[in-house]
Amino acid sequence: MNDLTPNREERTANLKGMGCARKRVEDARFTQGQGNYVDDVKLPGMLHGDFVRSPYAHARVKSINKEAALALPGVVAVLTAEDLAPLNLHWMPTLAGDKQMVLADGKVLFQGQEVAFVVANDRYIAADAVELVEVDYEELPVITDPFEALQSDVVLREDLAGQTEGAHGPRKHHNHIFTWEQGDEAATNQVMDSAEVVAEESMYYHRTHPCPLETCGSVASMDKVNGKLTLWGTFQAPHVVRTVAALLSGIEEHNIRVISPDIGGGFGNKVGVYPGYICSIVASIVTGKPVKWVEDRMENLMSTAFARDYWMKGKISATKEGKITGLHCHVTADHGGFDACADPTKFPAGFMNICTGSYDIPVAYLGVDGVYTNKAPGGVSYRCSFRVTEAVYFIERMIEVLAIELDMDAAELRRINFIKKEQFPYTAALGWEYDSGDYHTAWDKALKTVDYEGLRAEQAERVEAFKRGETRKLMGVGLSFFTEIVGAGPVKNCDILGMGMFDSCEIRIHPTGSAIARLGTISQGQGHATTFAQILASEIGISADSITIEEGDTDTAPYGLGTYGSRSTPVAGAATALAGRKIRAKAQMIAAYLLEVHDDDVEFDVDRFVVKGAPERFSTMKDIAYAAYNQAIPGLEPGLEAVSYYDPPNMTYPFGAYVCVMDIDVDTGVPEIRRFYALDDCGTRINPMIIEGQVHGGLTEALAVALGQEIAYDDLGNVKTGTLMDFFLPTAWEVPNYETDFTVTPSPHHPIGAKGVGESPHVGGVPCFSNAVQDAFRAFGLRHTNMPHDHWRIWQTANKLGLHD
Amino acid sequence: MIPAAFDYYRPTDMAGVLALLQQHGDDARVMAGGHSLIPMMKLRMAEVPHLIDLQDVAGLDQISLSAEEITLGAMVTQHTIINHPDLVQAAPILREAALQIADPQVRYMGTIGGNVANGDPGNDMPGLMQCLDAKLTLVGPEGERQVAARDYYEAAYMTDRADDEVLVAITMPVPQGGFAYEKQKRKIGDYATAAAAVQIGKADGKVATASVAMTNLSDVPVWSEAANAALVGTECAPEAVKAAVAAMLGDIDPSEDNRGPVAFKRHVAGVVLTRAINRAWSRA
């Protein structure tokens, strides 16, 4: 060694491993238009599919006449349920244990439902032919309200007539899907009955939609010569799609290759299986040609998986001093025409039972009733783990309502009820075991940074000024403290359609010391190619720049359950670290051989193994890789590869403290976000820059949902928000500056202590924005008003409080 | 979002445009920036078998300014309106309004002619043109004629323009006094929940002339003579502004949509007009 030899710090920096704000390796191609999305897949002879969709929300399909469409030159086929029935593909199973029509089988249950699939040799001809398919509908009574559905004589799901038992237990009514109960209701009621203070509130978490920039689509190519089906698609879980496709089609799984290419955002929208996927497969099998189906924006908003639509009724009890003693929650969940929620099988309401939030609540009860209505199916986790946004919104609103009831400061009320640092691992009343947390430290840091006391003083002055007629703007201070539950999940209680929710990583080190790693997950913008390489760099001592990360091709990647619910880092990230450690273990043996010492006499040092006590004697990972392939080492197989399948022992529980300062014009209902502070604790931080980007994106989607983004229906079940004119997708113009901050509380059970962060800002952000709006009116008597807080609804709140008089 | 088949034409002079219109009648439409028509075609809500693009027609993107008059060719884009120094100086209200139309990408293509001619109640320029008393020049098989913006709009998408006529230019007197274009919208790119265009002339400390027009609060833009009358001769004190707002509310007829119910829109119409009048007066 001499002065030019890089020192330890330099060697560490060169790795670009964990903790490095490494630039995203994906961005070069994305920013130069070189991405490869499903719609970029173009195959020789490829046909194009398009749907005839129902204009009605509930109607009987009396007849379908294809003649005019088939007569149009270029039209190859028009498929209806009748055509799919012999293959038993006119219905398909949903992820929630229900079944869903692929094409209308006698009736339609929501506007935009798929009725017929037109296949043509040109995309434009397919669209022309859609208009030529004549469908004779008989309108039926429409139910868009779940409470009405549970009273109505109208049977929405005639196919389930007489079935009193559903996938999740007894059905109470022909439009009822399931009841799911957690916790001890009797004990909770008992606490409520004798409590010093009880606050009750009903709230509606409106229906919205993940709305990824890229809509859903697929290209199916059945090669009739070799019997292989290749399916490109916008899949957040390509391996699950392969298994489901095998089970449905009867094609053996080794003959199906599923490829998720670049995906332009998922946010839960691309977890489920859609009729378009099935129809493109069937059409390819029937025609022997590749068939592409890509939906447009209106189809995406109208028919693919929505999020939320939860009617939540809460009761929270406390002592006069504000110590919470119990929580009761009942949800009426509107699932639309089919139960196509994407949740682990045993959790029909996802992880809604995380609704005790970040608080030490001794007893609690949650009951959820799922209901059919004439709306699109779905109920996915839009940028959150399963139903966690609903849960956190619920508890963070209940805390605010309790603070009003107690006439107490909402920040203080949170502080005195937080689970304490020394209580972790903490088992909540509804069963979850929180792995780690330090809520008080995070909360104090947040409040101090924003000068919480100062904000409250300013707010009080503003209220007085308003009353004196000196201003027409009110000020709201929105608070939220959230605990996410991510990383589904332990195979013992988490599966999807029977497939355990482990994940995987397979690594090959090349002879010259670079590497490729493949994972069972699939990036949709999360930057996996960047961050997983960083995990590996730190674990195996090879620079992240020398590691290729590949995902999404089921022929090459190891089996995994995919990317959603912030599970990639907690599950596949752990598999990556553990596979790396297997590599390192073998590398240690090789190094010891090369250095002619015993295995135990070498130790890992950043990018090499060194002889203990003699750091000048070392073997770099590059040397080791070369030797692994080219040197006959006694007792060792050639090569340097490893695979790890990781079944997480528990979920991880990221948390955070958010504060939003908002000014509201009571005359126009226009809110202006003055400040947004977000402190996130996601355990070990792999790439601070990517975390910051994730937080910005999640907060922006939270802003959207809280302030206007909704899928609204009229009484006839018509979608009123079917385009981006009416469906709010914020741009840079509507988005405030975000201040990000962090604390680090590693997960004790995760190999690198990481917890997952992509969805936290959405989960914590929605109640924060909403609380800011509601807090502005607290001084004037507002207790609760439902989202979305768009201009007219804010105006209406002000109006009802008499602020326009 | 796939339009039906259509034939596309790109004539280079008005004679060519008119000939195509003559030939195809109702089946032909002219297109300026395309930001209203193309989405309607993609939604198959507008069927246009023959689409005549005006992009290459010579002379339609001219701006001419004199001491008294401004003439804008129909193909002048919103982007040009925002960035044309002389125009901005002569009629700053045009820039203030254009900046609130859509987003920069749309404004590169979107034209004043298309915005004015289409008759979409959500468009901002029709109300502004009424406020500024613009005259629209239409060219048809019978030659050229002018119609006042205040007489042009009949109902949503229904205007005084015949199917075989093309809007080629917009002429307006150079606005005098203070101005304001006030618009409330839900987000960038949205139509107005309510918008007000106000131009006020001041003499001897009083309102000498006033012109108030409202956007997206009826199926046509609303130029409120009653509101103007309420302001003229006053010192634009709060009572006068209130009277003008009350008068304007008598002229509008908003309908409920996703932006909100009628009561909200009427309230906001009053707020934006109050703000617009006050701002215009402060600049007068």
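I'll start with D451(A), which sits in the loop of chain A between helix α13 (439-449) and helix α14 (452-467). Helices here are DSSP runs of H or I with at least four residues, strands are runs of E with at least two, and both are numbered from the N terminus.

Before going on, the conventions. This is a predicted model, in which local features need pLDDT of at least 70 and side-chain atom pairs count only at pLDDT 80 or more, while totals for chains, interfaces and linings use all residues. Residues are numbered from 1 along each chain as its sequence is written, chains are lettered from A and ligands numbered from 1 in the order in which they are written, and side-chain values use heavy atoms, with hydrogens and water left out.

D451(A) is not a glycine, yet its phi is positive, about 55°. Its relative accessible area is 45%, so D451(A) is partly exposed. On that scale, buried means under 20% relative accessible area, exposed means over 50%, and partly exposed is in between, with a 1.4 Å probe and protein chains only.

F267(A) is another non-glycine residue with a positive phi, again about 55°. F267(A) is in the loop between strand β15 (256-259) and helix α9 (275-287) of chain A. At 25% relative accessibility, F267(A) is partly exposed.

Why point these out? Most residues other than glycine have a negative phi, and most peptide bonds are trans.

On the peptide bonds, there are two cis cases to show. F424(A) and P425(A) are joined by a cis bond with omega about -5°. P425(A) belongs to the loop between α12 (410-417) and β21 (426-427) of chain A. The bond from A488(A) to G489(A) is also cis, with omega near -25°. G489(A) lies in the loop between β23 (473-483) and β24 (495-496) of chain A.

Which residues touch the most other members of the largest nonpolar core? They are F117(A), F351(A), M352(A), Y434(A), F769(A) and F777(A), in a core of 185 residues. A nonpolar core is a set of buried Ala, Val, Leu, Ile, Met, Phe, Trp, Tyr and Cys residues joined through side-chain atoms within 4.5 Å. Helix α11 (residues 388-406) gives the most to this core, 12 residues. Another core lies apart from it, with 47 residues, including I507(A), A529(A), A575(A) and A625(A).

Setting aside residues up to four places away in sequence, Y434(A) touches, among others, F424(A), P425(A), I354(A), Y439(A) and Y653(A). A contact here means heavy atoms within 4.5 Å.

F655(A) is in strand β33 (residues 655-665), and F655(A) is buried, at 0% relative accessible area. F655(A) and V695(A) are 40 residues apart in sequence and 12 Å apart, C-alpha to C-alpha.

L594(A) is in helix α16 (residues 568-595) and counts as partly exposed, at 28% relative accessibility. What does L594(A) contact, leaving aside neighbours within four places in sequence? The partners are S619(A), D623(A), I624(A), A627(A) and Q631(A). The C-alpha atoms of L594(A) and D623(A), 29 residues apart along the chain, are separated by 9.0 Å.

Last, the totals, chain by chain.

Chain A has 20 helices and 35 strands. Its radius of gyration is 28 Å, which agrees with a value near 28 Å for a compact globule of 805 residues. That radius is taken over C-alpha atoms, and the globule rule is 2.2 Å times the number of residues to the power 0.38. The C-alpha trace of chain A spans about 85 × 75 × 50 Å along its principal axes. Of its 805 residues, 64% count as buried. Among chain A contacts between residues at least 6 apart in sequence, 80% join residues at least 24 apart.

Chain B has 12 helices and 14 strands. Chain B has a radius of gyration of 19 Å, close to the 19 Å that the rule gives for 284 residues, so chain B is as compact as a globular protein of that length. Its C-alpha atoms fill a box of roughly 55 × 45 × 35 Å along the principal axes. Of the 284 residues, 55% count as buried. For chain B contacts between residues at least 6 apart in sequence, 61% join residues at least 24 apart.
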